[in-house]
Amino acid sequence: MTELRAVDFWFDPVCPYTWITSRWLVEVTKVRPVTVRWRVMSLSVLNEHRDDNPEGEWGDYMWAPVRVCAAVEERFGNRALGDLFTALGTRFHLHGDWELAGALADAGLPQEIAEVAGSTAYDGAIRSSHAQAVALVGTEVGTPVLSVAGEDGERVGFFGPVVSPAPTGETAGQLWDGFLLLAGVPGFYEVKRTRTEEPRFGNR
């Protein structure tokens, strides 16, 4: 039996490109022996000391979804966090619906958890998880961050991949294979090109 390979995926649910990449990774689990550990990070934390905010003038509102995610992970575990991320992304990015209580209900979780959106109770957990991602990739990137174990057992992390729309089936698996090849090269840092389209949430 092939051993499952664990990948850590750090996300802020407000980011559309992160959502698309996450759907690619879900596809990968269908065609490769991969399991995902969902982890929270925060664009608010990433940008809080910058003079300009690349995410726009969202202010404190960007804290709300990730606080709910952190609460769900602590109370109900990683699988529940993944279910909530799916529910949030579906509402946020496919339907333009930012109702946190509704997403919790979609994920089969208590709607009252939405009350933590305006609380700082989970901010320490968010910052700690965020710091783990930054320790792998640095501060000059964003979300998502992916991390896998290298041949020597040490974890290596990268920002991205940024891909739109999400590949499906064997194409998703091939992109994963390529990601692992790059991750296995000591000293590899980045490949990049300018995005010329808005996020595409399907195969259109």
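This is a predicted model: local features need pLDDT of at least 70, side-chain atom pairs count only at pLDDT 80 or more; totals for chains, interfaces and linings use all residues.

My entries on one helix pair and some aromatic rings follow.

Residues are numbered from 1 along each chain as its sequence is written, and side-chain values use heavy atoms, without hydrogens or water.

Helices. I looked up helix α3 (residues 63-76) and helix α6 (residues 123-137), which pack at about 90 degrees with their axes 9 Å apart; the axes are lines fitted to C-alpha atoms over the stretch in contact, with angles from 0 to 180 degrees between N-to-C directions. The two are therefore roughly perpendicular, a term for angles of 65 to 115 degrees. In this contact (heavy atoms within 4.5 Å), I found Trp-63, Val-66, Arg-67 and Ala-70 of α3 meeting Asp-123, Ile-126 and Arg-127 of α6.

Rings. I counted 11 aromatic pairs, taking rings of Phe, Tyr and Trp (its six-membered ring) with centres within 6.5 Å, where planes under 30 degrees apart are stacked, over 60 edge-to-face and the rest tilted. Trp-38 and Phe-85 are edge-to-face, because their centres lie 5.6 Å apart and their planes stand at 70 degrees. Trp-38 is in strand β2 (residues 34-40) and Phe-85 in helix α4 (residues 78-95), so the pair ties together parts 47 residues apart in sequence. I found Trp-38 buried at 9% relative accessible area and Phe-85 buried at 0%, where buried means under 20% with a 1.4 Å probe and protein chains only.

Key:
Helices (H or I, at least four residues) and strands (E, at least two) are DSSP runs, numbered from the N terminus. Angles under 35 degrees count as roughly parallel, over 145 as roughly antiparallel, 65 to 115 as roughly perpendicular and the rest as oblique. Buried means under 20% relative accessible area, exposed over 50%, partly exposed in between (1.4 Å probe, protein chains only).
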